[in-house]
Amino acid sequence: MTLSADSTARRGLETDVALAAAGDASAFERLYRTHVARIHSLTRRMLGTHEADEVTQDIFVRTWQKLGQFRGESAFSTWLHRLAVNVVIERRRTFAINRERMADDASALDFVTVAPARGDLTVDFEHAIEQLPAGAREILVLHDVEGYKHREIASMLGIATGTSKRQLHRARMLMRRYLAEGPGANEKRHS
Amino acid sequence: MHEEWTDKLSDFLDGELAPDEQRAVESHLRGCAECAAVLEDLKRVVARAREAGAVSRPPQADLWAGIAARIDAPPAARAATVAPFPPKAPRRFAFTLPQLAAAAALVAAVSGAMAWQIAGRAPRVPAAVDARRAAEPAAPASDGAGAADSTDAAGRIVPVVMADAQYDAAVADLEGALKQGRGRLDAATIAIVEHNLEIIDRAIDQAREALAADPANTYLSGHLVEARRRKLDLLRRAAALTSESD
């Protein structure tokens with residue numbers, strides 16, 4: 001995209017944000033279409049495929065309700081992403097999934113990498129992420145995929161920074177096994 | 001595997017260790033091929049995670065319809081924060097029915113409050129206007145938007161844009177249609193329509209009362225016409241929505 005095209009796209013986005021904040025549903029639909037892939041990918045990685053659609057809808061409904069609070073202090077995509085993370089975390093709290101988050105579950109180390117090889121490394125890697133124990137997955141996604149710092153993650157999740165670091169290492173070690181042995185490795189070993 | 005060392009490898013990789021720990025790990029890695037291999041594996045994991053983060057996949061199904069259905073109702077509260085004065089430049093907004101209803105109600109409510117204020121303190125209509133009105137025949141406005149005034153038997157000025165009987169019949173028809181199609185609207189939409197009808201009705205009552213106190217006030221008569229027009233408009237749109245839902 002050229003500088004000029006980029007600038008035009010940014011102005012279009014800013015206009016759509018302003019229009020949507022004033023109640024223009026068509027402008028909001030354009031914002032949805034621009035950002036849905038990233039938001040859906042986030043929810044899919046954090047919560048799994050089966051919940052991703054519903055939570056993505058929740059996120060955009062919440063965005064519509066809160067657009068009036070967007071002050072333009074950060075990029076809209078950054079604001080939306082943070083809002084999305086908060087909705088996901090709320091969702092996990094609601095369903096008490098986070099009870100297992102910090103549990104030292106030894107069986108987690110035997111997480112099953114049964115994803116069929118699909119020839120798409122990114123998809124297979126994402127599938128492996130989905131197989132991680134909830135707490136480890138959450139922090140791996142936030143830190144390594146989405147680029148948040150430990151202190152930001154600790155603040156969002158209400159945990160200690162050290163806990164975030166430990167969970168990240170745990171997740172990486174599990175993913176290391178996946179990369180080293182490939183999809184189905186554990187299945188083969190257990191058969 | 002040397003867990004006391006491997007446990008530190010993620011922090012080492014992320015530069016999260018204190019300088020002395022960082023140096024100690026570096027030193028260990030130089031002499032331990034096993035831990036060095038684990039570090040390389042962890043680097044691959046991080047690289048793959050970043051690659052995954054750079055690729056976003058949209059949902060398989062279009063989720064917009066579900067979102068659109070859910071955002072149709074709430075903006076009533078949002079409309080209440082919008083300034084009551086329309087922008088000078090034309091804007092291309094596509095409002096939903098509840099948004100329009102809320103906006104109409106807001107204007108009606110604000111206008112109603114202004115009507116009371118004006119009724120309480122507005123000067124009488126200038127003599128020149130009174131003279132012109134007296135000279136003009138009482139006739140309905142051709143476009144339905146203007147307010148031509150007339151005087152009733154008691155000498156009070158009443159709007160004649162739409163005769164009371166016509167207006168009442170139109171309102172009754174639309175209210176009947178709305179009542180019939182009520183089951184086809186969702187509860188939130190019904191609540192918003194009814195709430196806004198109540199507000200408009202209140203504005204109409206206020207304008208009538210204010211007119212009774214100041215029959216010559218052209219603003220008040222125009223306001224009454226406008227409020228009644230808004231009510232009709234809202235009823236028409238709501239009734240149309242019930243037929244669209246068939």
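Which residues of the largest nonpolar core touch the most other members? Select A:Ala20, A:Phe28, A:Ala84, A:Val88, A:Ile139, A:Leu140 and A:Ala171, which hold that place among the 57 residues of the core. Helix α2 (residues 25-47) of chain A supplies the largest share, 10 residues.

This is a predicted model, in which local features need pLDDT of at least 70, side-chain atom pairs count only at pLDDT 80 or more, and totals for chains, interfaces and linings use all residues. Residues are numbered from 1 along each chain as its sequence is written, while chains are lettered from A and ligands numbered from 1 in the order in which they are written.

A nonpolar core is a set of buried Ala, Val, Leu, Ile, Met, Phe, Trp, Tyr and Cys residues joined through C-beta atoms within 7 Å. Buried means 20 or more other C-beta atoms within 10 Å, exposed 12 or fewer, and partly exposed in between, with C-beta atoms placed from the backbone. Helices are DSSP runs (H or I, at least four residues), numbered from the N terminus.

Next, select B:Leu174, B:Leu178, B:Ala227 and B:Ala238, which are among the 18 residues of a second, separate core.

Go to A:His81, in helix α4 (residues 76-94) of chain A. A:His81 is partly exposed because 19 other C-beta atoms lie within 10 Å. Its C-alpha atom is 9.5 Å from that of A:Glu146, 65 residues apart along the chain.

Last, select the contact between the chains (C-beta atoms within 7 Å): 39 residues come from chain B and 38 residues from chain A. On the side of chain B that touches chain A, α4(B) gives the most, with 11 residues.

Terms used:
Helices (H or I, at least four residues) and strands (E, at least two) are DSSP runs, numbered from the N terminus. Two residues are in contact if their C-beta atoms, placed from the backbone, lie within 7 Å.
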